Amino acid sequence: MRCAICNKRIERNADRWVRTMDGTVVHLMCSERESRQMWRQRQYWAIGHLLVIEIVSLVLLVHDGVLNWPAWLILAWLALHRLLHRRWWHYRERDLRNWWRRHKSG
Ligand SMILES: [Zn+2]
């Protein structure tokens, strides 16, 4: 058997490996590394997307003044961001809760 990720041989008994959903086999290490990379990429996407929202809001704010800019549009966009990057928000909210708990008790 060969690992579908690194293409190296998998020793059935010596290596730790897992079967993927499409029936191939991969080293456990390879699979973990891959999922860490994917998660990092998703985080970059989430942050990049958030930055775009931020920049557009700032431009609208500077251009139109505080009261005229379409705040609802930005809020809707943020809601969409929350839907698209649910897991990222989940972790950020957890971080915030932990921080708050530490802050309160400390
Ligand atoms: Zn491998």
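The model is predicted: local features need pLDDT of at least 70, side-chain atom pairs count only at pLDDT 80 or more, and totals for chains, interfaces and linings use all residues. Residues are numbered from 1 along each chain as its sequence is written. The protein chain contains three helices and two strands, where helices (H or I, at least four residues) and strands (E, at least two) are DSSP runs numbered from the N terminus. The radius of gyration of the chain is 22 Å, well over the 13 Å that the globule rule gives for 106 residues, so the chain is more spread out than a compact globule.

**Confidence**

- The mean pLDDT of the protein chain is 90, and 93% of its residues reach 70 or more; pLDDT is the predictor's confidence in each residue, from 0 to 100.

**Overall shape**

- Along the sequence, the elements follow the pattern β-β-α-α-α.
- Taken along the principal axes, the C-alpha atoms fill a box of roughly 65 × 40 × 20 Å.
- The radius of gyration is taken over C-alpha atoms, and the globule rule is 2.2 Å times the number of residues to the power 0.38.
- Buried residues make up 2% of the 106 residues. A residue is buried if 20 or more other C-beta atoms lie within 10 Å of its own, exposed if 12 or fewer, and partly exposed in between, with C-beta atoms placed from the backbone.
- Of the contacts between residues at least 6 apart in sequence, 33% join residues at least 24 apart; two residues are in contact if their C-beta atoms, placed from the backbone, lie within 7 Å.

**Helices 2 and 3**

- Helix 2 has 14 residues and reaches 20 Å from its first C-alpha to its last, close to the 20 Å expected at 1.5 Å a residue. The expected span is 1.5 Å times one less than the number of residues in the helix.
- Helix 3 (residues 86-105) has 20 residues that should span 28 Å, and its end C-alpha atoms are 29 Å apart, which agrees.

**V18 and S31**

- V18 is found in strand 1 and is exposed, with 12 other C-beta atoms within 10 Å.
- Leaving aside residues up to four places away in sequence, V18 touches V26, L28 and S31.
- V18 and L28 are ten residues apart in sequence and 5.9 Å apart in space, C-alpha to C-alpha.
- S31 lies in helix 1 (residues 28-64) and counts as partly exposed, with 18 C-beta neighbours inside 10 Å.
- Under the sequence limit of up to four places, S31 touches I5, V18 and V26.
- S31 and V56 are 25 residues apart in sequence and 38 Å apart in space, C-alpha to C-alpha.

**N7**

- N7 sits in the segment before strand 1 (17-19) and is exposed, with 8 other C-beta atoms within 10 Å.
- Phi of N7 is near 65°, a positive value in a residue other than glycine. Most residues other than glycine have a negative phi.
- N7 and W100 are 93 residues apart in sequence and 46 Å apart in space, C-alpha to C-alpha.
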